[in-house]
Amino acid sequence: MRITTELGDITRVDVDAIVNAANSSLLGGGGVDGAIHAAAGPRLLEACRELRRTTYPGGLPVGDAVATPGFDLPARWVVHTVGPNRNAGQTDPALLAACFTHSLDAAAAVGARTVAFPAVGAGVYGWSPHDAAAAAVGAVRAWSGDVEHIRFVLFSEPLLAAFDAALGATA
């Protein structure tokens, strides 16, 4: 499995699946979640509403993941995961790591061989870039499955530096 980092816009990457740092409602929000919903078009919201109606009436649990089609995105799939909100007292790094392993499980289940991740948790959910990168890289390295390439697509230089450091690369 190859793991790389890059500065960029996750809604524009050409991979089989992108991961959405969603909120538990699955109905869109700000940050990465809002950007993915906007780029995927209204059918993504319809698919998420159907998931809420049928599978997750109480919302997607923290640390869990579920896949939907990517609709208008270059990626065929969107894997939605809910990071723990450190600002609300959810401080267990294992729960943050679960976002990455469960996302990879969901991506592999739909046949994805290439997956792009944002820095789940390192935004309004309050995880530092260092802590988010450590949890992400540790989880991805420990996961065993059929995904061939994992790309961390990060929106800022500080996040990129933190992920590069976690991978042991020089920033």
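A: Buried means a relative accessible area under 20%, exposed means over 50%, and partly exposed lies in between (1.4 Å probe, protein chains only). This is a predicted model, in which local features need pLDDT of at least 70 and side-chain atom pairs count only at pLDDT 80 or more, while totals for chains, interfaces and linings use all residues. Residues are numbered from 1 along each chain as its sequence is written, and side-chain values use heavy atoms, without hydrogens or water.

A nonpolar core is a set of buried Ala, Val, Leu, Ile, Met, Phe, Trp, Tyr and Cys residues joined through side-chain atoms within 4.5 Å. The largest one here has 36 residues, and the members that touch the most other members are Phe100, Leu104, Val115, Phe117, Phe152 and Phe163. At least two residues of this core come from each of strand S2 (17-22), strand S4 (77-82), helix H3 (93-109), strand S5 (114-117), helix H4 (129-142), strand S6 (149-154) and helix H5 (157-166).

Contact means heavy atoms within 4.5 Å.

Helix H5 has five residues named as buried: Leu159, Leu160, Ala162, Phe163 and Asp164. The cover over the buried residues of H5 includes strand S1 (2-7), H4 and S6. After H5 comes Gly168, with a positive phi near 85°.

Helix H3 holds both Ser103 and Ala106. Ser103 has a relative accessible area of 0%, so Ser103 counts as buried. Beyond its neighbours within four places in sequence, Ser103 is in contact with Val19, Ala65, Val79, Thr81, Ala98 and Phe117. Ala106 is buried as well, because its relative accessibility is 13%. Leaving out residues within four places in sequence, the contacts of Ala106 are Ala65, Ala67 and Val79. Ala65 and Ala106 are 41 residues apart along the chain, yet their C-alpha atoms are separated by 6.4 Å.

Strand S4 contains Trp77. With a relative accessible area of 17%, Trp77 is buried. Apart from its neighbours within four places in sequence, Trp77 is in contact with Asp16, Ala17, Ile18, Thr68, Pro69, Gly70 and Val110. From Trp77 to His102, 25 residues away in sequence, the C-alpha to C-alpha distance is 15 Å.

His37 belongs to helix H1, which spans 31-40. The relative accessible area of His37 is 11%, so His37 is buried. Setting aside residues up to four places away in sequence, His37 touches Asn20, Leu26, Leu27, Gly28, Leu44, Leu45 and Cys48.

One of these partners, Leu26, sits in the loop between S2 and H1. Most residues other than glycine have a negative phi. Leu26 is not a glycine, but its phi is positive, about 65°. Leu26 is buried, with a relative accessible area of 0%. Phe71 also has a positive phi without being glycine, near 55°. Phe71 is placed in the loop between strand S3 (65-69) and S4. Phe71 is partly exposed, because its relative accessible area is 26%.

Conventions. Helices (H or I, at least four residues) and strands (E, at least two) are DSSP runs, numbered from the N terminus.
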